[in-house]
Amino acid sequence: SLHCQPPAAALAQPLAGMPRGVPPSSPPKALQRKPKSTAAPPDLRLRYGGTVHHRSAETSDDGASSSEAPQKYAGLVNSMFEFMCGPVFRADGMVHLTERDNFVDLGCGHGQVLLAVREVCPTCRCWGVELDEACFRVACAGAHDAAAVWAQEAAPVGIVHGSIDDCFVDGADRRDHECIMIDRHGCEEIEMLDLAEALSHVTVVFLFLGEWANLRLRDKLLQVLPVGARIVTQAFQMGEDWPPDAETWIGGEQMGHPWFLYRVTEALKADPRMRSNEELARRFGTHWIQPPPNNYKPAHKRRQVLQQKQQQKQNVQELTVERRDDLRCLQVHVVEYEPPRPLIGLSLVIAAVVVWVAVVYVALVAKILPQTGIAALDWARGDTYLCHALPMTLVTLVIFRYWGWLSMEFFKNA
């Protein structure tokens with residue numbers, strides 16, 4: 001089916017009733033977790049993105065959207081997507097795209113990366129997959145808007161409304177998905193696409209999902225992608241066991257973003273570390289079915305925090321060394337070694353045994369013995385208080401012990 005629409009009408013349909021520049025946002029979903037003793041079922045559709053991936057434009061004082069203001073995406077601040085992605089995918093960049101490349105953005109969001117790739121390399125095959133319906137509509141509208149400035153030889157941009165999991169389905173569960181192909185005239189053509197088959201021919205994969213999602217997809221990508229394929233990630237790496245083949249910074253190390261390049265090789269496909277979930281279980285656990293809180297903390301941010309802690313520790317050590325000769329600033333406490341005293345421990349044990357024997361004698365044994373003529377023993381024989389009071393305390397002991405156990409169970413399972 002082929003139909004053409006002017007860019008204005010294409011924007012009006014998917015974004016009716018919405019202000020320009022402000023994308024729709026879906027209500028936040030609470031993180032769901034399963035019991036720690038069980039893992040997610042194999043047929044469960046995982047949500048690799050989340051509400052933090054929604055892009056929201058900064059607004060000015062009068063409430064109008066400002067296209068020049070920096071925008072937030074996955075907890076990071078960035079500028080225009082051409083500035084971000086252009087230096088990465090250019091001929092002199094980290095990833096040189098050619099007309100023979102097949103580029104896919106898994107979780108394309110609003111489609112900015114797809115448009116940047118189309119701007120840098122007009123003739124390569126370029127398509128993306130997005131699960132969120134609102135983001136999918138914004139991506140289609142953005143492609144309609146940008147199609148007017150594409151080069152004359154530019155190939156269409158494809159956008160699929162579907163889950164990333166559909167790219168790794170095998171067997172009878174595989175099905176075709178509708179791929180909206182938008183050409184340089186703003187015309188839409190619906191192409192039926194088998195995502196699993198299409199991914200097996202991809203040469204460049206782009207991911208901006210998070211550490212947890214990258215670890216979830218690492219094994220699947222190595223199984224499906226051909227040898228020589230490249231994986232490009234922004235801010236988030238593919239795990240500690242897989243170092244990047246190349247790394248670059250866009251915008252400087254203080255305020256910019258790191259980009260990582262990984263190449264698929266035969267050795268990586270056969271590496272058991274890449275095929276296991278050991279690192280995923282160690283860092284996040286296997287019970288999450290949506291991105292956990294630490295998923296959106298990039299590796300370079302963690303390294304900065306670790307470097308700051310190490311620097312603080314080194315500063316304290318240097319300060320101690322500088323003041324080691326100043327006795328007024330240092331207080332040295334010498335603790336002398338005290339040998340163990342077995343006599344004290346033995347005396348405590350003997351005292352406890354004597355008290356226990358006396359209590360048992362007064363409460364039980366003295367009542368069955370005859371008169372002895374000894375005042376203390378005969379007093380114990382005629383006692384009617386302790387022999388009743390001590391057994392009665394056992395009831396209260398059981399009650400209070402049960403209450404203590406019950407309160408601890410409530411506290412642990414709160």
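## Cysteine 124

Cysteine 124 has 0% relative accessibility and therefore counts as buried (under 20% relative accessible area; exposed is over 50% and partly exposed lies in between, with a 1.4 Å probe and protein chains only). Cysteine 124 sits in the loop between α3 (112-120) and β5 (125-130); helices (H or I, at least four residues) and strands (E, at least two) are DSSP runs numbered from the N terminus.

Apart from neighbours within four places in sequence, cysteine 124 is in contact (heavy atoms within 4.5 Å) with Thr98, Glu99, Asp101, Val117, Arg118 and Ala155.

## Model and chain

This is a predicted model, in which local features need pLDDT of at least 70 and side-chain atom pairs count only at pLDDT 80 or more, while totals for chains, interfaces and linings use all residues. Residues are numbered from 1 along each chain as its sequence is written, and side-chain values use heavy atoms, with hydrogens and water left out.

The chain has 13 helices and 12 strands. Of its 414 residues, 39% are buried. Among contacts between residues at least 6 apart in sequence, 67% join residues at least 24 apart.

## Alanine 235

Most residues other than glycine have a negative phi. Alanine 235, although not a glycine, has a positive phi of about 75 degrees. Alanine 235 belongs to the loop between β10 (230-234) and β11 (246-250) and is buried, with a relative accessible area of 0%.

## Aspartate 219

Aspartate 219 is part of helix α6 (residues 211-224) and counts as buried at 18% relative accessibility. Its side chain is joined to that of glutamine 223 by a polar contact of 3.1 Å (a pair of N or O atoms within 3.5 Å; within protein, one must be able to donate a hydrogen and the other to accept it, and residues adjacent in sequence count only if both atoms are side-chain atoms). Leaving aside neighbours within four places in sequence, aspartate 219 is in contact with Met274 and Arg275.

## Helices α11 and α13

Helix α11 (residues 342-368) packs against helix α13 (residues 386-412) at an angle of about 120 degrees, with the axes 9 Å apart. Axes are lines fitted to C-alpha atoms, for helices over the stretch in contact, and angles run from 0 to 180 degrees between N-to-C directions. The contact is made by Val359, Val362, Ala363 and Lys367 of α11 and by Leu386, Cys387 and Leu390 of α13.
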